[in-house]
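Me: I would like to learn how to read the features of a protein model one at a time. Please give the general idea first and the case second.

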Amino acid sequence: MIGRLPWRSAAADTGFAIAAVALAAWSFWPVYQSAAFVTMLVVTLVLGAAVAVLGAALRWPSIVMGGLIVVVYLATGVQLAVPGEATAGGLLPTPQGFIDLAQGTWLSWKQLVTISVPVGSYQALLVPAFILVLLASVITTTIALRSALPELAGIPPVIVLIAGIAFGPAIAPAPLWLVLGLFALLLIWNIRLRLRRRTAAVRTLREQSGLTVETRRERGSTAVLTATGATVMLVGAAVVGIGATVLVPPSTDRHVVRTAVEQPFDPRAYPSPLSGFRSYLEPGSASEPMLSVSGLPADGRIRIATLDTYDGVTYSVGSAAATSASGAFTRLPYRLDQSGTTGTQTQLTVSVRGYRGPWVPGTGQLEQIQFLGNHASTLSGAYFYNDVTGTGAVLSSLRDGDSYVADSVTPPKLSASQLTKVEPGSDSVPRPTVIPDELQSTLQKYTAGATGAGPKLAAALQGLAKDGYISHGIGKGEPASRSGHGADRITELLTNVPMLGDQEQYAVTAALMARQLGFPARVVMGFVAPADAGVGPVTFLGSDVSAWIEVQTSTGWVTVDPTPPVRPVPPKQPEQPTEISRPQTNVQPPVDDSPQQNEEPPQAQVDSTPQHAPNPVLETILTVLIVIGWTLLVLAVLAAPFLAVIAAKWRRRSLRRSAATAADRIVGGWREFADAAVDHGYDPPPSATRVEFATTIGGTRAAALAKVADRAVFSPLAPTTAEADTVWKAVDDLRAQLDRRDTRWKRMLAAVSLRSLGYRGRTRERTNRR
């Protein structure tokens, strides 16, 4: 026997428990996606099941089981959950590993939702999954082997499944097969348990055909509880399945923990890198080495940052909200899958020289980055990446001597003429809140006669290249050219003759024009290698700074350089002569009663698309209601089994108290007291008589109650109703004494204890009664 079951049944229930936990824990695969996770899962399942089987076989109490779980956690936690800190081929822990394991017990949960997935076995991020799998395997197997209601063993796997979905990525294929698979497994297990219990009940009824009506009612109460427990388990699994189906639709955003947690890197806390464009061209910086780079792509470009948010003053690096179109900056511990990105594989080796700032230069969409040098570990822990815009950053500024190797996929570069065959992509990019004056009229002039988004974009860029001239306004002999890229500066660029600016203004103008034509577009600031750079490592100077744009086509993001060719700047044309007004006449002009027309050009100041301002109060109320609703749902699912136990005990007590005869009421009162004592932890000898049971509990009132129950059963004189009422009053007092002996926590455990529902110590009573 193991616990309450023979060997064969115990082995089957253990197998079902391990399978249920394993299936539920697989919901963490999108988070880890590594062999270390598989190893941790398999070994932890075996360890947890072994602890539960050993505890059931030796009948260890919960305090011993809890201590054994802690021992297993400390003995194997480093090897399984922090494998990077294990030695001797991963078999022995290190002191640093124990420190990481201890800190990860409470810190790794938040770290797991502030980092890009998959995380592999990075640092101690396997600890949350290790804790959940270990606890779930022990609790599930223990309930299956030792509880009178093994159907409740389905609750821990459901909790693990919910946790896997909640800690998973915001965009992932729906784990619907996991939900349905777990539901089917629990259903089969439940049916098997019901059939086994029914067979045992039929056998017991045949052996004990002389049961009273009151005892049969008790058995009916237990059967009702069993059905209730099974129903709770199945309804809970169904609720989780429906919730997962709604919240995890395929290939769309879903609300999980990482979307609600504030990310530690906020790009809004740093100035836009484009606002410091001219600082690289100042005399003190233009000739200073900034970066040394090996492995540049064919176009010789390396980005500093991608800018996608324009407010009429600056083009900035997105927002901190994970649900925004700009994406979020998260830690990058492992490797990103860029197999769906169009471009060429690139491996950059970058050495920092004069460059400063939080933005980490790179190219394309990053797959993996490895920092080198003395500050490698510090930079690795402080690195954050935005996979939407392809921008990396560190919390502390890069400095001389820092170096790294970055693997990425670089998008193709298209010329203006090649854009005639493209169509706009479907990605979401933050909408500009302000459109500069003259932009729409200039765009209409450039695109006149062109049809289609691609030909219009090509015509607009060709128009900028034809009319535009380059001047930074810094060098000797350069025409004056004001820095900045606010709406007023872009208006000045488009209205001056000749059109005069540098990459800062032309990139912003081209991006806004592309947005007006329906293309998702963003500005990129970085460095461009000189034409004579040759093959091999390239050293970028401050004067190599540049800016360009990326537009998304139907086949992916492409790089486009809108900068006009460098050529002599023609002299500035004189301002248009001021018109001389005619002398006013004495006759006043007629009053115009027609409504005043807006003389501003279309989209002169703001975007014409109507902006619906959100109601902050309503959004706050809806958010609070959603959080409260989901919290109540989870609490209801978790509390339902305990409420079912309390309800079943209340119904059993009511049946005993309202039995048909006074003798049955007295016997029922004794059984109510005996069950309460069992729930409070008293363990009488097997087949003990009432007097022996009372001796185990102690006290004169318990012994007196036992003798009264014996007299009601064996005496030829039937007891009266008044005697039955007296017995039940004594039972209530004795139950109150049992409660006063225990702490509040033990009283709560006794209220939901399942021991009395599976108590089989009444055989001696039934034998004496017959």
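The dialogue below goes from the whole chain to its sheets, its rings and its backbone.

Me: What kind of model is this, and how are residues numbered?
Reply: This is a predicted model, in which local features need pLDDT of at least 70 and side-chain atom pairs count only at pLDDT 80 or more, while totals for chains, interfaces and linings use all residues. Residues are numbered from 1 along each chain as its sequence is written, and side-chain values use heavy atoms, with hydrogens and water left out.

Me: How many helices and strands are in the protein chain?
Reply: Helices (H or I, at least four residues) and strands (E, at least two) are DSSP runs, numbered from the N terminus. The protein chain has 23 helices and 19 strands.

Me: What do burial and surface look like over the chain?
Reply: Buried means under 20% relative accessible area, exposed means over 50%, and partly exposed is in between (1.4 Å probe, protein chains only). Of the 770 residues of the protein chain, 47% count as buried. Accessible areas come from the Shrake-Rupley method with a 1.4 Å probe, and for residues only the protein chains shown count as cover. The accessible surface of the protein chain is about 37,300 Å², and 60% of this belongs to carbon and sulfur atoms.

Me: What share of the contacts joins residues at least 24 apart?
Reply: Contact means heavy atoms within 4.5 Å. Among contacts between residues at least 6 apart in sequence, 78% join residues at least 24 apart.

Me: How should I read a sheet?
Reply: Strands of a sheet pair through backbone hydrogen bonds, either parallel or antiparallel. Here two strands pair if DSSP finds at least two bridges between them.

Me: Which bridges join S16 to S18, and what lies across them?
Reply: Strands S16 (residues 521-528) and S18 (residues 545-553) run antiparallel and are joined by seven bridges. Met-525 stands opposite Ala-547 in S18. Axes are lines fitted to C-alpha atoms, for helices over the stretch in contact, and angles run from 0 to 180 degrees between N-to-C directions.

Me: What is the order of the open sheet of five strands?
Reply: The order is S10-S13-S8-S3-S17, and the pairing is antiparallel. S10 (365-372) and S17 stand at the edges with a single partner strand each, so one side of each has no neighbour in the sheet. Direction ignored, neighbouring strands of this sheet are turned by 25 degrees against each other on average. Eight bridges join S8 (residues 344-352) to S13 (residues 403-410), which run antiparallel. Gln-345 has Val-409 in S13 as its bridge partner.

Me: How many aromatic pairs does a search of the whole structure find?
Reply: Rings of Phe, Tyr and Trp (its six-membered ring) pair if their centres lie within 6.5 Å; planes under 30 degrees apart count as stacked, over 60 as edge-to-face and the rest as tilted. The search finds 17 aromatic pairs. The rings of Trp-29 and Phe-37 have centres 6.3 Å apart and planes at 45 degrees, so this pair is tilted. Trp-29 is partly exposed at 29% relative accessibility, whereas Phe-37 is buried at 0%. Phe-527 and Phe-540 form a tilted pair too, with 5.8 Å centre to centre and 35 degrees between the planes. Phe-527 lies in strand S16 and Phe-540 in strand S17 (residues 538-541), so the pair ties together parts 13 residues apart in sequence.

Me: Where do charged ends sit over rings?
Reply: A charge sits over a ring if NZ of Lys or CZ of Arg is within 6 Å of the ring centre and within 35 degrees of the ring normal. The charged end of Arg-301 sits over the ring of Trp-548, 4.7 Å from its centre. For Arg-567 over the ring of Tyr-469, the distance to the centre is 4.1 Å.

Me: Which backbone angles deserve a look?
Reply: Most residues other than glycine have a negative phi, and most peptide bonds are trans. A cis peptide bond joins Val-497 and Pro-498, with omega about 5 degrees. Arg-59, not a glycine, has a positive phi of about 55 degrees. Arg-59 is in the loop between H3 and helix H4 (62-81), and is exposed at a relative accessible area of 61%.
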